[in-house]
Amino acid sequence: MTQQLALGTAQFGLDYGITNTRGRVPQDEAAALLKQAWEGGVRIVDTAQAYGNSEEVLGAAIRNPWRVVTKTLPLRSDRVDDDAIALVDAAFMQSLRHLGKADTLLVHHAQDLLAPGGERLFAWLQDRKHRGDVSRIGVSVYEGSEIEALLDRFSFDVVQLPANIADQRLVVDGSIARLHAAGVEIHVRSLFLQGLLLADPKFAAERFPERRYWFEEFHAECAKQDVSPQAACFGFFKSHAEFSTAVVGVSGIGELTQLLGAWTSAAAVDWSAWGVDNTSFTDPRLWKPRA
């Protein structure tokens, strides 16, 4: 299996990322980013209903036959009933109007499948695939417990999950191995931990003072290996043959140029000793707002 890059587009519709100081990517620059990414060999774009107007911006900027990954409207309800499915269906039809097409459709909020009535949502996914609206279906997850519960009930073509040098929970707990054994294509997001792993160690240490030495040692190790932090993160990804697609976002042309160079130059490196067993650091959902 050839590992590949996917361009994440949360920044097309949201002020996304702890290190993002530019805000949303302007419409005209979105088109330029897509053009540059395509010329750099990237063929997959990742978006979602929940990313502001990302789908609309992306659809207006697409000029090549991209493989588009999008996601369902998050329900976050106690029960999935006919009304909930109607909402998801209407949102997906809007996605298709904006995007023109989609290759892969993921359930954005995994608990929507695990809630009472979740089998209705999965049946709807299967129906959309059967109709030819999408080629592949899957789910976006955060926890190993979600993966275990989901695989016990459903089958997927694609699962998207977080993993990076600091956050190796799903490797350690066997979730990655189980997905791979089930023939699921694994898309990895948060490789840069919202840009934190690429930031100046002083910035990162101010945000997470208890991890100051970890950041200093990580950057020192990158210098020792003569690689950029970006290339180090890609080296972690490439060291796991089970990983299929690295989903990474950028906020400008300069960032994309660096990203493409780092991807090309990165060699597989074992970073298994660098995992941090503390979700208050590795899970952005648990990060405290800055004072």
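## A tour of the aromatic rings

Select tryptophan 214 to begin: in this predicted model its relative accessible area is 13%, so the residue counts as buried, the cut-off being under 20%.

With both side chains shown, turn to the geometry between them. A pair of aromatic rings is described by the distance of the centres and the angle of the planes. A search of the whole structure returns 20 aromatic pairs, and tryptophan 214 with phenylalanine 215 is an edge-to-face pair, having its centres 5.5 Å apart and 90 degrees between the planes.

Next, select tryptophan 271 and tryptophan 274, whose rings also form an edge-to-face pair, with 5.6 Å from centre to centre and an angle of 65 degrees between the planes. Tryptophan 271 is buried at 1% relative accessibility, and tryptophan 274, with a relative accessible area of 19%, is buried too, because the cut-off lies at under 20%.

Now widen the view to the cluster that ring pairs build from Phe208, Trp214, Phe215, Phe218, Trp271, Trp274, Phe281 and Trp287; the residues visited so far, Trp214, Phe215, Trp271 and Trp274, are among its members.

For the last stop, select arginine 189 together with tyrosine 142, where the arginine lies over the face of the tyrosine ring, 4.6 Å from its centre.

Definitions and conventions: Residues are numbered from 1 along each chain as its sequence is written. This is a predicted model: local features need pLDDT of at least 70, side-chain atom pairs count only at pLDDT 80 or more; totals for chains, interfaces and linings use all residues. Side-chain values use heavy atoms; hydrogens and water are left out. Rings of Phe, Tyr and Trp (its six-membered ring) pair if their centres lie within 6.5 Å; planes under 30 degrees apart count as stacked, over 60 as edge-to-face and the rest as tilted. Buried means under 20% relative accessible area, exposed over 50%, partly exposed in between (1.4 Å probe, protein chains only). A charge sits over a ring if NZ of Lys or CZ of Arg is within 6 Å of the ring centre and within 35 degrees of the ring normal.
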